[in-house]
Amino acid sequence: MTSQAASVSNRSSATPQLIFDIATGFMRAKHLFVAGELGIFETLAKGPLTLKELANKLGTPQRTTRIVADAVTALGLLERDGDKYQNSDVAQAFLSGCGPVDMGPFIRFWNRLSYRRWLTLEDSVREGQGVAGEFNFSAEEQKIFSEGVEAFSAGHALALANTYDFSQHKRILDLGGGTGSFLKILSQRYPGLEGTLYELPAAAAVARRNLTGQIGRRIEIVEGNFVEDPLPRGYDVVLLSHVVHVLVPERNIELLRRAREAVKSGGRLLIVDFWTNPAHTEPLMAALMAGEFLVVGGNGDVYSLEEGRGWLEESGWRFVEHKALSGPVTLLVAEAVA
Ligand SMILES: C[S@@+](CC[C@H](N)C(=O)[O-])C[C@H]1O[C@@H](n2cnc3c(N)ncnc32)[C@H](O)[C@@H]1O
């Protein structure tokens with residue numbers, strides 16, 4: 001068989017299943033989001049319930065509650081034993097509010113903010129930038145965003161504390177540090193470490209509430225715009241977690257130059273992000289998240305490790321190593337060049 005004939009024959013054996021699997025993605029997501037918003041996982045945290053008991057507790061009609069409960073059962077988030085629903089292990093651990101990590105705020109963020117902005121993806125791609133604006137949030141939305149990002153990156157913060165040895169450092173500058181969740185974990189794990197959270201005013205307000213009791217002792221908050229305002233100096237390590245993906249490459253180079261001025265020679269730069277392969281196709285989650293960073297951040301994207309290394313050379317840093325952290329999120333470590 002010629003290679004052309006083989007290719008035609010392979011094509012005729014193709015099925016559309018992949019297309020159905022991809023196209024139902026929005027239905028999977030929305031069932032999860034609505035189950036979270038209704039409080040299904042929290043309500044089942046204490047034990048199994050019948051549909052009638054569940055609907056009564058939620059204050060929702062049985063017929064329509066069943067549609068969502070059955071869908072998230074099919075997706076593996078609930079289990080059915082006779083006529084009772086119960087949380088699966090994953091839902092109990094991450095969605096019930098009783099497990100080690102509560103992903104509820106993250107689900108809320110994607111449902112209430114991201115999902116609507118994804119409706120602008122086509123226009124954003126045609127226009128060349130996110131048409132919903134750059135981090136265009138009301139005060140209420142800012143809280144949902146900041147708390148959602150914190151829940152999303154909680155595992156990355158823990159992995160960073162376990163992977164990188166901060167005992168060699170005394171002062172850390174967390175640029176775009178969100179709610180301060182990274183500094184909180186790092187200062188608990190490394191008692192000799194002092195930290196500065198640098199954030200835009202609206203996000204800093206959420207961080208201030210979140211860090212009540214910790215500010216002033218070993219964590220301080222500085223408000224400002226990290227690509228326009230002067231940055232504080234005198235640090236020996238700078239952290240950029242989920243920040244380079246909100247900016248275009250030129251701004252990232254400028255940000256890295258500014259970060260270089262914040263540390264002495266030999267200081268470290270830690271960039272936690274969805275570093276991809278050169279084609280930006282792996283990891284899969286990173287390739288998908290590029291759309292999220294475009295429609296929510298306005299100008300965001302994902303970048304390859306090679307692109308990140310190129311920025312270092314232009315901004316006074318030397319590549320040290322690339323380390324695994326948590327799933328698709330990895331750590332690029334660099335050192336300040338004299
Ligand atoms: C995706 S969040 C990451 C938060 C945190 N570092 C984490 O990993 O959980 C990006 C953060 O960068 C902040 N940010 C974006 N542009 C900024 C700017 N120009 N100056 C200061 N902070 C900025 C946002 O307010 C937001 O909190």
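**Figure 1. The shell around the ligand in the predicted model.** Helix 10 (residues 139-163) contributes 3 residues to the shell around the ligand, the most of any element. Helices here are DSSP runs of H or I with at least four residues, strands are DSSP runs of E with at least two, and both are numbered from the N terminus. The ligand is surrounded by 16 residues, of which the closest are Ser153, Gly176, Gly178, Ala203 and Ser241; a residue is near a molecule or strand if its C-beta atom, placed from the backbone, lies within 6 Å of it. By class, the shell holds 7 nonpolar, 7 polar and 2 charged residues. Ala, Val, Leu, Ile, Met, Phe, Trp, Tyr, Cys and Pro count as nonpolar, Asp, Glu, Lys and Arg as charged, and the others, Gly among them, as polar. Residues are numbered from 1 along each chain as its sequence is written. This is a predicted model, in which local features need pLDDT of at least 70 and side-chain atom pairs count only at pLDDT 80 or more, while totals for chains, interfaces and linings use all residues.

**Figure 2. The two domains.** Domain 1 covers 3-100 and domain 2 covers 111-336 in the domain assignment of the protein. The bounds come from an automatic or database domain assignment. Taken over C-alpha atoms, the centres of domain 1 and domain 2 are 31 Å apart.

Figure 3. Axes are lines fitted to C-alpha atoms, for helices over the stretch in contact, and angles run from 0 to 180 degrees between N-to-C directions. Two strands pair if DSSP finds at least two bridges between them. Strand 4 (residues 171-175) is joined to strand 5 (residues 194-199) by 5 bridges in the parallel sense, and Leu175 is opposite Tyr198 in strand 5.

Figure 4. Two residues are in contact if their C-beta atoms, placed from the backbone, lie within 7 Å.

**Figure 5. Helix 8 against helix 14.** Helix 8 (residues 104-118) packs on helix 14 (residues 284-297) at an angle of about 95°, and their axes are 9 Å apart. The two helices are therefore roughly perpendicular to each other. Angles under 35 degrees count as roughly parallel, over 145 as roughly antiparallel, 65 to 115 as roughly perpendicular and the rest as oblique. From helix 8, Leu113, Ser114, Arg117 and Trp118 meet Glu292, Val295 and Val296 of helix 14. The contact is made up of 4 nonpolar, 1 polar and 2 charged residues.

**Figure 6. Two loops with backbone features.** Glu282 and Pro283 are joined by a cis peptide bond with omega of about -5°. Pro283 sits in the loop between strand 8 and helix 14. His242 is not a glycine, yet has a positive phi of about 55°. The loop that holds His242 lies between strand 7 and helix 13 (249-261).

Figure 7. The order is 1-3-2, with antiparallel pairing, and the edge strands are strand 1 (49-50) and strand 2, each of which pairs on one side only. Strand 2 (residues 78-81) and strand 3 (residues 84-87) share 4 bridges in the antiparallel sense. In this pairing Asp81 is opposite Lys84, and Glu79 is opposite Gln86.
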